[in-house]
Amino acid sequence: MKGYPIQEEIDVIFNEFTKAAGLDGVKIRDDAKRILGLVKDTNLTEDDVLNATEGEIATIFQSLRANRFFKYTDAWGVGLGRIMELIGVEPNATSFEKWSKNLRWIFAPRLVQTWDEFCADQLRMQGVESMQKQLLIREKKRAAARLEKKASEFDDKKKALIEINKLIEERRNELIEEQKVLKKKYEPDEYERILLAENK
């Protein structure tokens, strides 16, 4: 969901999507961060990872090699590609062929297809994100032009500045209240903490 305009809602939307699919969004993210963190915090080579006999990643790979009925998913393939990137291996047809032979029950053509589609989606998302930024810049320019026009209508420049600051403060308060509503609905514990902080 990179590029989604309301950052505070990304986790909420992701969690609801995964919940609808019968999954735990929080656990998915925690597992991904933990596994990728294990790779980042080590200086393992490609052969070290593929031939490891201890550790969480080794356990995952060993269980895969022992399960000829392993159910492959695109998300799993993307995760494998990210691990390869983090240890300095470029995900491509040659490297996927090597990894698939080592892991036995996943196949290089499917990995290549998954990774190519993932990369294409990332490029499309970058285009969408760029377009969103351009739209935001245009809107900010229009808003600035409106404020400038409104300011020019006041005889007293000081009065114009006071009015603009008032509008900004009103919008700020509206955003704070909107965030409180979201917190109260989706994160009641965090909402209570905010209330306690305000009352001190």
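Q: Which residues here are linked in a network of salt bridges?

A: K27, D31, R34 and E56 are linked in such a network. Bear in mind as we go that this is a predicted model. The structure holds 13 salt bridges, so let's take a few of them apart, given that a salt bridge needs a side-chain nitrogen of Lys or Arg within 4 Å of a carboxyl oxygen of Asp or Glu.

Q: Good, how far apart are the closest N and O atoms of K27 and D31?

A: The closest N and O atoms of K27 and D31 are 2.9 Å apart. D31 also forms a salt bridge with R34, and there the closest N and O atoms are 3.0 Å apart.

Q: Why are K27 and D31 separated by about one helical turn?

A: The general idea comes first: an α-helix has 3.6 residues a turn, so residues three or four places apart point the same way. Now the case here: K27 and D31 are separated by about one turn because they sit four residues apart in helix α2, residues 25-40. D31 and R34 are three residues apart in α2, again about one turn of the helix.

Q: What are the relative accessible areas of D31 and R34?

A: D31 has a relative accessible area of 25%, so D31 is partly exposed. R34, at 37% relative accessibility, counts as partly exposed too.

Q: What salt bridge does R110 form, and which helices hold its two residues?

A: R110 forms a salt bridge with D74, with 3.3 Å between the closest N and O atoms. R110 lies in helix α7 and D74 in helix α5 (residues 74-86), so this pair ties together parts that are 36 residues apart in sequence. R110 is partly exposed at 37% relative accessibility, and D74 is partly exposed at 35%.

Q: Which polar contacts join the side chain of T114 to Y72 and D74, and how long are they?

A: T114 is found in helix α7, residues 108-152. Its side chain has a polar contact of 2.8 Å with that of Y72, and another of 2.7 Å with that of D74.

Q: Is T114 buried or exposed?

A: Buried means under 20% relative accessible area. T114 has 4%, so T114 is buried. Leaving aside its neighbours within four places in sequence, T114 is in contact with Y72, D74, G77 and V78.

Q: Let's turn to helix α6. Which of its residues are buried?

A: In α6, residues 93-103, the buried residues are S95, F96, W99, S100 and L103. They cover an arc of only 130 degrees around the axis, which means they are on the same side of α6. On the other side, T94 and K101 are exposed.

Q: What can I look for at the start of α6 and just after it?

A: At the start, a side-chain oxygen of N92 reaches to within 3.1 Å of the backbone nitrogen of T94. Just after α6, check the backbone of R104, which takes a positive phi of about 75 degrees.

Q: Finally, which residues make a nonpolar surface patch?

A: M125, V128, M131 and L135 make a nonpolar surface patch of about 330 Å². V128 has 34% relative accessibility, so V128 counts as partly exposed.

Note on methods. Residues are numbered from 1 along each chain as its sequence is written. This is a predicted model: local features need pLDDT of at least 70, side-chain atom pairs count only at pLDDT 80 or more; totals for chains, interfaces and linings use all residues. Side-chain values use heavy atoms; hydrogens and water are left out. Buried means under 20% relative accessible area, exposed over 50%, partly exposed in between (1.4 Å probe, protein chains only). A polar contact is a pair of N or O atoms within 3.5 Å; within protein, one must be able to donate a hydrogen and the other to accept it, and residues adjacent in sequence count only if both atoms are side-chain atoms. Contact means heavy atoms within 4.5 Å. The arc is that of the directions from the helix axis to the C-beta atoms. Patches are made of residues with over 30% relative accessible area and no salt bridge: like charges are joined within 9 Å, nonpolar side chains (Val, Leu, Ile, Met, Phe, Trp, Tyr) within 5 Å. Accessible areas come from the Shrake-Rupley method with a 1.4 Å probe; for residues, only the protein chains shown count as cover.
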